[in-house]
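Me: I'd like to learn how to read a helical model like this one. Could you take me through it feature by feature?

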Amino acid sequence: MKRLYLSLALVVLLAILSGLHIWHLSRFTGQLSELLTQAQQQAEQQNWQQAARLTHQAKERWTAHEGYLHTTLRHTDIDAILVSMDEALAFLEAEEKQSAEYAAVNARLLTQIGLLLEAELPTLTNLL
């Protein structure tokens, strides 16, 4: 009987930890998306320095959480987002500003971040 209780306790613990992970990832990706959306708005207004500053902030937050992210998520997803951030920064820091190309890279980055959370949700698609 003790084994049954221990097993149930472990299942409940895993469910709680999974819920906390999803909650934390949701908050984190929401913050990154907000920063990148603000950067896009600044780029549309030709305020390239502010857009670069906001994108740098997003990258700094991303790299500050890399230990957690590499522990809990697939490495290929994490690396793809980092590459996209570097690409967005390259467009922002280039001599010739190309707003359409930056918008495309930023949109891809926002999509990748959104998919990161979506892949962790306990949906039927993810379970199958």
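Reply: Phe28, at 3% relative accessibility, counts as buried. One caution: this is a predicted model, where local features need pLDDT of at least 70, side-chain atom pairs count only at pLDDT 80 or more, and totals for chains, interfaces and linings use all residues. Residues are numbered from 1 along each chain as its sequence is written, and side-chain values use heavy atoms, leaving out hydrogens and water.

Me: How many aromatic pairs are there?

Reply: Rings of Phe, Tyr and Trp (its six-membered ring) pair if their centres lie within 6.5 Å; planes under 30 degrees apart are stacked, over 60 edge-to-face, and the rest tilted. By that rule there are two aromatic pairs. Phe28 and Trp62 are stacked, with 5.9 Å centre to centre and 20° between the planes. Phe28 sits in helix 1 (residues 2-44) and Trp62 in helix 2, so this pair ties together parts 34 residues apart in sequence. Helices here are DSSP runs (H or I, at least four residues), numbered from the N terminus. Trp62 is buried, at 0% relative accessible area.

Me: What about Trp48 and Tyr102?

Reply: Their ring centres are 6.5 Å apart and the planes stand at 80°, so that pair is edge-to-face. Trp48 belongs to helix 2 and Tyr102 to helix 5, 54 residues apart. Trp48 is buried at 11% relative accessible area, and Tyr102 is buried at 0%.

Me: Which residues are buried in helix 4?

Reply: Ile78, Ile81, Ser84, Met85, Ala88, Leu89, Phe91 and Leu92. Seen down the axis of helix 4, they fall within an arc of 160° (taken from the directions from the helix axis to the C-beta atoms), so they line one face. The face turned away from that buried side carries exposed Thr76 and Val83. The buried residues pack against helix 2 (48-64), helix 3 (66-72) and helix 5 (99-120), where contact means heavy atoms within 4.5 Å.

Me: How do the axes of helix 1 and helix 5 cross?

Reply: Axes are lines fitted to C-alpha atoms, for helices over the stretch in contact, with angles from 0 to 180 degrees between N-to-C directions. Those of helix 1 and helix 5 come within 10 Å and cross at roughly 170°. That makes the two helices roughly antiparallel (over 145 degrees; under 35 is roughly parallel, 65 to 115 roughly perpendicular, the rest oblique).

Conventions
Buried < 20%, exposed > 50% of the residue type's maximum accessible area, 1.4 Å probe, protein only.
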